[in-house]
Amino acid sequence: RSSTGLLSMMMLGIFGVVQMSERINAACAKNWKVFSSQNYFDSAGIFISFFLTGPLVIVALIIVICLLSQAIGLLVQLKRLELRQTCKKTD
């Protein structure tokens, strides 16, 4: 949670997988007999959306909340430092 770079890289990876989910669905629809007994991959992509991109979007939302929390913490630290400097200048 404290590593902004790692969270940002994870977010980019999630966005990449979500962006490619249509292609992943098409590839799985063509080769479903290799790894499954039923074809779950319909043309609308409901299965892949529910089981792949849905959880990834939830994780991305959690990452955004963590990044916003870090940004708020930094803003509070900055304002405290500014207040301390202005108090020292007035004294």
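Lys 79 is partly exposed in this predicted model, with a relative accessible area of 44%; the class covers values between the limits for buried (under 20%) and exposed (over 50%), computed with a 1.4 Å probe and protein chains only. Glu 82 is likewise partly exposed, at 34%. The side chains of Lys 79 and Glu 82 meet in a salt bridge with an N to O distance of 3.3 Å, the criterion being a side-chain nitrogen of Lys or Arg within 4 Å of a carboxyl oxygen of Asp or Glu. A search of the whole structure finds one salt bridge. Both residues belong to helix α4 (residues 46–90), where they are three residues apart, about one turn of the helix. An α-helix has 3.6 residues a turn, so residues three or four places apart point the same way. Helices are DSSP runs of H or I with at least four residues, numbered from the N terminus.

Residues are numbered from 1 along each chain as its sequence is written. Local features need pLDDT of at least 70 and side-chain atom pairs count only at pLDDT 80 or more, whereas totals for chains, interfaces and linings use all residues, and side-chain values use heavy atoms, with hydrogens and water left out.

The 45 residues of α4 should span 66 Å at 1.5 Å a residue, and the separation of 63 Å between its end C-alpha atoms agrees with this; the expected span is 1.5 Å times one less than the number of residues. At Thr 53, α4 bends by about 40 degrees, and Pro 55 follows within four residues. The bend is the angle between axes fitted to the seven residues ending at a position and the seven starting there.

Buried positions in α4 comprise Ile 48, Thr 53, Leu 56, Ala 60, Ile 63, Cys 66 and Gln 70. These buried residues pack against α1 and α2 (21–30), contact being defined as heavy atoms within 4.5 Å. Ala 60 counts as buried because its relative accessibility is 8%. When residues up to four places away in sequence are not counted, Ala 60 touches Met 11 and Ile 14. The C-alpha atoms of Ala 60 and Phe 15 are separated by 8.2 Å, although these residues are 45 residues apart along the chain. Leu 56, with its neighbours within four places left aside, is in contact with Ile 14, Val 17 and Val 18. Between the C-alpha atoms of Leu 56 and Cys 66, ten residues apart along the chain, the separation is 15 Å.

On the surface, Leu 6, Met 10 and Val 59 form a nonpolar patch with about 250 Å² of accessible area together. Patches comprise residues with over 30% relative accessible area and no salt bridge, like charges being joined within 9 Å and nonpolar side chains (Val, Leu, Ile, Met, Phe, Trp, Tyr) within 5 Å; areas come from the Shrake-Rupley method with a 1.4 Å probe, and for residues only the protein chains shown count as cover. Leu 6 lies in helix α1 (residues 4–19) and is exposed, at 51%. Cys 87, located in α4, is partly exposed, with a relative accessible area of 44%. Cys 87 and Val 59 are 28 residues apart in sequence and 42 Å apart, C-alpha to C-alpha.

Terms used. Helix = DSSP H or I, 4+ residues; strand = E, 2+ residues; numbered from the N terminus.
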